[in-house]
Amino acid sequence: TSLGGSSTYFGYRVNPFVSVGARYFYNLQKRQARGRSIRYNSGNYLMAQATYLGGTLFSQNTVETGLQEPRGAYYDLLWGMQRTYRRNFYLDLRAGAQLQPGGVVPTAGLRLGYTFP
């Protein structure tokens, strides 16, 4: 990563992981009373999740770009909202805090997906 020679600004690392979590959906009755759908868990939720990230299977340019080894246990406490739309496509937004080996950091995510009927 020098200014005068060839530089590498892209790197990647592939790690296996296992994750378990639980969601508590709240105010579902209130959504129904307002005429809104709760189909396929459309609603707001609180979530606790634990993830273990294993060692690197393969990587490229991690030294040049400064990518650190992300191995270890991670714990998330999240608030989220999931909405399922026509034709079973869903949007899941979440935000919260993650406890990592180096401390607590904010975290957020966006997921687009499909729910099989």
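Contact here means heavy atoms within 4.5 Å. By this criterion, and leaving aside residues up to four places away in sequence, aspartate 76 touches Met47, Ala48, Gln49, Ala97, Gln98 and Thr107. The model is predicted: local features need pLDDT of at least 70, side-chain atom pairs count only at pLDDT 80 or more, and totals for chains, interfaces and linings use all residues. Residues are numbered from 1 along each chain as its sequence is written, and side-chain values use heavy atoms, with hydrogens and water left out.

Aspartate 76 lies in strand S5 (residues 72-84). Strands are DSSP runs of E, at least two residues long, numbered from the N terminus. Aspartate 76 is buried and has no salt bridge. Buried denotes under 20% relative accessible area, exposed over 50%, and partly exposed in between (1.4 Å probe, protein chains only). A salt bridge requires a side-chain nitrogen of Lys or Arg within 4 Å of a carboxyl oxygen of Asp or Glu. The nearest side chain of opposite charge, arginine 94, is 6.5 Å away; Lys and Arg count as positive, Asp and Glu as negative, and His and the chain ends are not counted. The side chains of aspartate 76 and glutamine 98 form a polar contact of 2.9 Å. Such a contact is a pair of N or O atoms within 3.5 Å; within protein, one must be able to donate a hydrogen and the other to accept it, and residues adjacent in sequence count only if both atoms are side-chain atoms.

Strand S3 (residues 43-53) pairs with S5 in the antiparallel sense over eleven bridges. Two strands pair if DSSP finds at least two bridges between them. Asparagine 44 has methionine 81 as its bridge partner in S5. S3 is also joined to S2 (residues 17-26), antiparallel, by ten bridges. The covered face of S3 includes Tyr45, Met47 and Gln49, while the uncovered one includes Asn44 and Ala48.

Phenylalanine 25 has tyrosine 45 as its bridge partner in S3. Four aromatic pairs were counted. Rings of Phe, Tyr and Trp (its six-membered ring) pair if their centres lie within 6.5 Å; planes under 30 degrees apart are stacked, over 60 edge-to-face, and the rest tilted. The rings of phenylalanine 25 and tyrosine 45 have centres 5.4 Å apart and planes at 55°, so the pair is tilted. Both residues are buried. For phenylalanine 89 and tyrosine 114, the centres are 5.3 Å apart and the planes at 65°, so the pair is edge-to-face. Phenylalanine 89 is partly exposed at 48% relative accessible area, as is tyrosine 114 at 37%.

Notes: Helices (H or I, at least four residues) and strands (E, at least two) are DSSP runs, numbered from the N terminus.
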